[in-house]
Amino acid sequence: MRSKQQAQNLIKILQYVYGYVEVRLGDIGSIVRGNGLQKRDFTEEGVGCIHYGQIYTKYGMATEKTISFVEESLAEKLRKVEKGDIIFAVTSENIEDLCKCVVWLGEEEIVTGGHSAILKHNQNSKFLAYYFQTEAFHSQKRKLATGTKVMDVTATKLEEILIPLPPLEEQQRIVDILDRFDKLCNDISEGLPAEAEARQKQYEYYREKLLSFKKL
């Protein structure tokens, strides 16, 4: 079984030769399951936290601030989230919301709890998060989900997800393009709903195109 460093070296070689390489999430980082944390634990101040239920309703793709906090004594027992980490909601009552994620971009360390999983990696966080919105990701997620009324994906299964991974420079180029589309959609949506809908479809089209790679 190859080591993490060997996997990283192989990825860089294949990226140089082919432009991108299809990798397992487990090859570019590690995924750890959260623990504890209930809404009744929230406090007015303290250590920032993100509850899995908030990922569905309170956050977009990335955030630099949390809307909730917990006491330091509890935070010490919870899973830590560092800048660039991606938090998945790995439990949901519907397949669409399952594995919805948020990138943590704040400078300070925060925590998360049960029914969530943290991807710690060395790639472009927003590139990965954009890919996690694509149909290619959702089709794999559906095959890994277990349960009926309440669905779940384990951290071990998430590590088996395949993702096309270009070099970091290309990842940033794609992120810059998709960020501009996202900003355009949000700016227009306030006054021109019809135009916003058209822009949203255009954005989704280019997102799929930019994050789809021909099979090697």
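Okay, quick ground rules. Residues count from 1 along each chain as its sequence is written, and side-chain values use heavy atoms, leaving out hydrogens and water. Since we have a predicted model, local features need pLDDT of at least 70 and side-chain atom pairs pLDDT 80 or more, while totals for chains, interfaces and linings use all residues.

Now, who touches N35? Leaving out residues up to four places away in sequence, N35 is in contact with K77, L78, R79, T112, G113 and G114, where contact means heavy atoms within 4.5 Å. The N35 side chain gets to 2.8 Å from the backbone oxygen of K77, and one of its polar atoms sits 3.2 Å from the backbone nitrogen of R79. And V111, 76 residues away in sequence, is 9.7 Å away in space, C-alpha to C-alpha.

On to the rings. The whole structure has 6 aromatic pairs: Phe, Tyr or Trp rings (six-membered ring for Trp) with centres within 6.5 Å, stacked if the planes are under 30 degrees apart, edge-to-face over 60, tilted for the rest. One of them is Y131 with F132, edge-to-face at 6.4 Å and 70°. Y131 is buried because its relative accessibility is 3%, and F132 is buried at 3% too. Ring pairs also tie F88, Y131, F132 and F137 into a cluster.

Technical notes. Polar contact = N/O pair within 3.5 Å; in protein donor to acceptor, adjacent residues only side chain to side chain. Buried < 20%, exposed > 50% of the residue type's maximum accessible area, 1.4 Å probe, protein only.
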